[in-house]
Amino acid sequence: MQCAPSGTHRGAVDVLTKIVRNEGILALYKGATPPAVGWAAIDSVLLGSLHNYRLFLHRNGMTEMSSSGSPRLTLFAHGLAGLFAGWTSALIATPVELLKVKLQLQSQRSVVDRQFKGPIDCMRQIFRVQGPFGLWSGFTGSLAFRSNFFWMFLSFEALMRAFSQLSGTQFEISTGLANFLSGGLGSFAFWAMAIPFDNIKNRMMAYPYPNPYPTSMGLNTITLKRPSFFEIARHIYVQDVNASALFVYEGTLRILGAEKVLSSFHLNVFRADIPERHAVKVLIDYPPRTCF
């Protein structure tokens with residue numbers, strides 16, 4: 001939905017229906033190999049670096065006194081550790097997500113008809129056309145997207161502290177349940193902030209979709225002038241702002257009844273440099289609006 005041309009799909013159910021009807025049920029698992037192999041490494045780097053960044057910030061004084069009298073990281077420090085961990089994991093996440101995006105955007109039913117036969121073939125073609133650094137196309141988008149781990153780990157810690165305040169009351173919950181709820185709600189906070197950047201990241205990685213990926217090194221400098229983060233963001237912004245402006249404009253006309261106009265009316269136009277007795281009278285015909 002994020003990468004398809006505007007108007008291609010009507011929603012998530014429409015996408016699901018089209019994929020199953022045109023490509024089969026197994027097409028829902030296209031591009032599964034890169035994340036299946038790579039996400040273990042991504043999460044290992046994310047959580048491992050998160051721990052070390054927390055220790056670093058703790059040693060450098062970003063602490064406060066807890067209710068028990070011992071120093072603990074501030075909520076901002078927890079968010080900052082998440083931000084740095086997200087940036088660190090982007091080094092591994094970018095190639096994995098790039099392969100996944102390119103494989104998932106192929107809509108041909110038969111593997112034979114697809115440009116990329118699998119993740120290895122996709123990687124080989126990227127190497128041939130863009131070189132090894134082509135696997136990090138969309139890296140700035142990945143950095144922006146993963147910056148939102150700031151909100152996830154900040155909200156996780158804030159929720160854990162809130163649940164700890166319930167200790168000794170009738171609403172007290174176990175530490176395991178508190179971890180589960182805090183993690184789930186923290187993920188909501190993450191995605192609420194990250195979705196716009198995920199949109200930009202995926203469009204950067206999908207480029208030049210919907211055009212075919214070039215198959216010759218000679219086309220590299222012409223066809224693959226990769227769009228920047230800000231170019232993609234500006235394109236999305238202009239589309240959405242124009243759509244919103246027209247939606248509000250047309251809706252306002254309907255609410256105010258401005259569409260109910262006469263088919264024609266007279267408008268007197270007076271020029272300041274012409275005496276009043278020579279006023280120019282102009283007839284302007286406006287056909288009634290029939291489409292909304």
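Helices (H or I, at least four residues) and strands (E, at least two) are taken here as DSSP runs, numbered from the N terminus. On that basis, the elements of the chain run α-α-β-β-α-α-α-α-α-α-α-β-β from the N terminus on, a total of 9 helices and 4 strands. The structure is a predicted model, in which local features need pLDDT of at least 70 and side-chain atom pairs count only at pLDDT 80 or more, while totals for chains, interfaces and linings use all residues. Residues are numbered from 1 along each chain as its sequence is written, and side-chain values use heavy atoms, with hydrogens and water left out.

**Overall composition**

- Contact means heavy atoms within 4.5 Å; among contacts between residues at least 6 apart in sequence, 67% join residues at least 24 apart.

**Nonpolar cores**

- A nonpolar core is a set of buried Ala, Val, Leu, Ile, Met, Phe, Trp, Tyr and Cys residues joined through side-chain atoms within 4.5 Å.
- The largest such core has 15 residues, of which Leu50, Leu57, Phe149 and Phe190 touch the most other members.
- Two or more residues of this core come from each of α2 (33-59), α3 (75-104), α6 (149-164) and α7 (175-206), and α3 gives the largest share, 5 residues.
- A second, separate core of 12 residues includes Phe116, Cys122, Met205 and Ala206.
- Phe190 is in contact with Phe145, Asn148, Phe149 and Met152, leaving aside its neighbours within four places in sequence.

**Helix packing**

- Two packed helices are described by the angle between their axes and the distance between the axes.
- Axes are lines fitted to C-alpha atoms, for helices over the stretch in contact, and angles run from 0 to 180 degrees between N-to-C directions.
- Angles under 35 degrees count as roughly parallel, over 145 as roughly antiparallel, 65 to 115 as roughly perpendicular and the rest as oblique.
- For the classes of residue at a contact, Ala, Val, Leu, Ile, Met, Phe, Trp, Tyr, Cys and Pro count as nonpolar, Asp, Glu, Lys and Arg as charged, and the others, Gly among them, as polar.
- Helix α3 packs against α4 (residues 119-130) at an angle of about 105°, with axes 10 Å apart, and α3 is therefore roughly perpendicular to α4.
- Leu98, Leu99, Lys102 and Leu103 of α3 meet Pro119, Cys122, Met123 and Ile126 of α4; the contact has 7 nonpolar, no polar and 1 charged residues.
- Helices α5 and α7 pack at about 175°, with their axes 8 Å apart, so α5 is roughly antiparallel to α7.
- On the α5 side this contact is made by Thr140, Gly141, Ser142, Ala144 and Phe145, and on the α7 side by Phe190, Trp191, Ala194, Phe197, Asp198, Lys201, Met204 and Met205.
- The residues of the α5 and α7 contact divide into 8 nonpolar, 3 polar and 2 charged.

**Individual residues**

- Arg146 lies in helix α5 (residues 139-146) and is buried, with a relative accessible area of 6%.
- Not counting residues up to four places away in sequence, Arg146 touches Ile42, Gly86, Ser89, Ala90, Ala93 and Glu97.
- Leu75, in helix α3, is partly exposed at a relative accessible area of 29%.
- Beyond residues up to four places away in sequence, Leu75 touches Leu154, Glu157, Ala158 and Arg161.
- Leu75 and Ser155 are 80 residues apart in sequence and 8.2 Å apart in space, C-alpha to C-alpha.
- Asn52 is found in helix α2 and is partly exposed, with a relative accessible area of 47%.
- Arg203, in helix α7, counts as partly exposed at 22% relative accessibility.
- Between Arg203 and Gly138 there are 8.3 Å in space, C-alpha to C-alpha, and the two are 65 residues apart in sequence.

**Record annotation**

- The unreviewed UniProt entry annotates residues 133-153 and 173-195 as "transmembrane region"; UniProt positions are given in the numbering used here, feature names are shortened, and annotations may be inferred rather than shown by experiment.
- In the model, residues 133-153 are 62% helix and 0% strand, with the end C-alpha atoms 30 Å apart.
- Residues 173-195 are 91% helix and 0% strand, with the end C-alpha atoms 31 Å apart.

Terms used
Buried means under 20% relative accessible area, exposed over 50%, partly exposed in between (1.4 Å probe, protein chains only).
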